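Try each task yourself before reading the solution.

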Amino acid sequence: MSSMQEPSEDREPETGKSYDAVVIGAGFGGMYMLHCLRQQGFSARVYEAGGGVGGTWYWNRYPGARCDVESMQYSYSFSEELDQEWHWTEKYSPQPEILNYANHVADRFDLRRDIHFHTRVNSAVFDETIKRWRIETDRGDAVTAQFCITAVGCLSAANTPDFDGIEDFNGPIYHTGEWPHDGVDFTGLRVGVIGTGSSGIQSIPIIAEQAKSLTVFQRTPNYAVPAWNEAMNPDYERTVKADYPAMRANARARPTGIFFPFNLESALEATQEEREAQYEAFWQRGGLPFLGAFGDLLFEKDANETAAEFARRKIRDVVDDPEVADLLCPDNVFGCKRLCVDTGYYQVYNQPHVKLIDVSKDPIEHLTRNGVVTGGIEYEVDVVVLATGFAAMTGSFDKMNIVGRNDISLKKKWEAGPRTYLGLSTVGFPNFFMITGPGSPSVLANMIQSIEQHADWMIDCMAHMRDVGVETIEPQLGDEDAWIEHVNEVAAISLRSTCSSWYVGANISGRPRVFMPYIGGFPIYVNKCNKVMDNGYEGFVFDRHTEGNAPPKIRNTDRWHVELDMDVLSPAAVAAMRIPII
Ligand code: FAD
Ligand code: NAP
């Protein structure tokens, strides 16, 4: 089968089968996990709701979708051959190319034969009598597995606001995260886009090129730094490929898992001229690394305000109409919500057919047959694009019935916010592993690196359990509580915890406000995971006792180790490092 062809899922339900592991999701997380399981001789079945591999890059096919971590780094690092043979055509590759890459990896490592596509896992229930997970899907599959591994993604449950009248709207409504596979032609149409996060900011300029008119409904303006995207520089590609492992090691040593220059000095200690020059230089470099201009930007409000003001000036320089520019200027902490990386975003508002509507004070009231109503005014459109984001971090967990010991569901356990040990596991759910679960760096790091590190840790652990002959692993309550306390403690020292972002669940009404990812930095986190392993799985129990507690013999995880000369888990140390976490 050609790599881009979607496999048909005309198959009988799979019942009564038993696997070492069931993996849920075939994005970059599920794909690498499957590869690791195979390498260690474990039997595995992967279920994927979509019709192909790639996860995020399978679903988010909206115009302008591309990565915001440079392509030479936003890729797997586990295979030097893969690194060498793949060629990225742009500095930040577009979605189709990233999806091609995912398909190439699936072909190269022959992954598809163990994946069932078009298959959504509905429930995973731990059966205490057989010490195995019972997993059921929407296709009638009912299998058991020793391990249940979620690779369901942090940004995979689309948030569709419950606007009154949404069913009455006469035209199509597209969510950026569930984009039609054959594309959308906006030519000659009046388009309304709701949402101005990264997805809105990437798609709006491209939609504007086609549409007859474009109305953007903005609730909160966002900061965006130009990508300065360009064709891949062959010299740069050659240099990286000459020693790719060194580039990967450098990246791993960075708080973000991404290699880029950053400066630890304080913005407040620099003179106005020095600050200006520094900001301009980092602006010209572009993208997320702008946050590395000074070390205190995410820790000191006054320092942050200097960057915020610089960014606002950039917006005013570009946007001709001062009233529109004002509306586009955020007044919140710079980089508090995920910083956006744009190509021609602000310029779009100088075009006469593009209108910006502020819905911060007058929320969208409802949709009519013909358009969107806010402030008592109906804005007529033919098509609505929802760039309204995701129920982040836990949204895809919430859609499943996951039940652990004593009939406790994960939804119930996480009612007041997710609780995990290292973002990898959670008390009461034996042999349940989460790739980039809440409480791990995940979305605050280069995610593919986060994914690989998690899968490596899990496979080492599973191989260890096989070696020592234990059946179950689960964390202990005291250690889980201590980890969550630490996650909260480090979040509190970052300005990131202060605004209403999806990091804290504030984009979805009714969700508890909890800072979900671990913001202490990738190397600090990795070393903690390795230390837990070295100390014989400290914080975990095997078969409800500690006799299996010894370091593992197989050590895929070692490739992540970084020398750190600090008391690694102290929040003060984290603050002192002045981490420019993305
Ligand atoms: P996903 O790619 O989300 O895959 C999860 C898969 O699980 C999905 O295919 C889903 O269908 C499947 N699934 C979920 N629930 C079930 C179920 N119950 N049954 C069966 N299947 C299920 N990160 C970066 O580091 N850099 C970037 O530049 C970047 N850009 C991004 C751009 C966009 C538009 C978005 C939305 C996210 C971006 N991210 C980026 C984050 C991105 O999600 C990760 O980088 C990465 O692709 C996540 O891989 P994953 O396998 O963990 O999850
Ligand atoms: P998002 O950042 O959550 O943005 C959603 C937007 O929709 C926000 O502007 C939000 O306003 C608005 N919105 C939501 N509900 C609304 C309502 N009822 N009425 C009006 N406006 C509403 O989602 P996203 O843009 O999809 O991005 C999510 C994350 O995915 C990013 O932060 C990033 O991590 C990743 N991503 C990355 C890239 C990339 O550049 N590589 C691209 C896309 C996505 P409020 O801010 O007021 O809530």
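**Exercise 1. Find which atom of Ala49 lies 3.1 Å from a nitrogen atom of ligand 1, then describe the surroundings of this ligand.**

Step 1. Start at Ala49: a backbone N or O atom of this residue lies 3.1 Å from a nitrogen atom of ligand 1. That is a polar contact, meaning a pair of N or O atoms within 3.5 Å; within protein, one must be able to donate a hydrogen and the other to accept it, and residues adjacent in sequence count only if both atoms are side-chain atoms.

Step 2. Look for further contacts of this kind. Glu48 places a polar side-chain atom 2.7 Å from an oxygen atom of ligand 1, and a backbone N or O atom of Val69 is 3.4 Å from an oxygen atom of the ligand.

Step 3. On its own, ligand 1 has 980 Å² of accessible area, and the protein covers 95% of it (areas come from the Shrake-Rupley method with a 1.4 Å probe; for residues, only the protein chains shown count as cover).

Step 4. Widen the view to the shell. Ligand 1 is surrounded by 32 residues, and the closest are Gly29, Glu48, Thr56, Asp68 and Tyr74; a residue is near if one of its heavy atoms lies within 4 Å. By class, 19 are nonpolar, 10 polar and 3 charged. Here Ala, Val, Leu, Ile, Met, Phe, Trp, Tyr, Cys and Pro count as nonpolar, Asp, Glu, Lys and Arg as charged, and the others, Gly among them, as polar.

Step 5. Trace the shell back to the fold. Helix 1 (28-39), helix 2 (56-59) and helix 13 (447-468) each supply at least two shell residues, with the largest share, 3 residues, coming from helix 2. Helices (H or I, at least four residues) and strands (E, at least two) are DSSP runs, numbered from the N terminus.

A word on the source: this is a predicted model, in which local features need pLDDT of at least 70 and side-chain atom pairs count only at pLDDT 80 or more, while totals for chains, interfaces and linings use all residues. Residues are numbered from 1 along each chain as its sequence is written, chains are lettered from A and ligands numbered from 1 in the order in which they are written, and side-chain values use heavy atoms, with hydrogens and water left out.

**Exercise 2. Work out the strand order of the open sheet formed by 5 strands, and find its edges.**

Step 1. The order is 7-16-8-9-12, with parallel pairing; two strands pair if DSSP finds at least two bridges between them.

Step 2. Strand 7 (173-175) and strand 12 (354-358) are the edge strands, each pairing on one side only.

Step 3. Neighbouring strands of this sheet are turned by 20° against each other on average, direction ignored. Axes are lines fitted to C-alpha atoms, for helices over the stretch in contact, and angles run from 0 to 180 degrees between N-to-C directions.

Step 4. Zoom in on one pair: strand 8 (residues 190-194) and strand 16 (residues 383-386) run parallel and are joined by 4 bridges. Val193 has Val385 of strand 16 as its bridge partner.

**Exercise 3. Identify which helix gives the largest share of the shell around ligand 2.**

Step 1. The shell around ligand 2 holds 23 residues; the closest are Arg66, Ser199, Arg219, Thr220 and Lys337.

Step 2. The largest share, 3 residues, comes from helix 5.

Step 3. Now the polar contacts. An oxygen atom of ligand 2 is 2.9 Å from a polar backbone atom of Thr196, and an oxygen atom of this ligand is 3.0 Å from an N or O atom in the side chain of Gln202.
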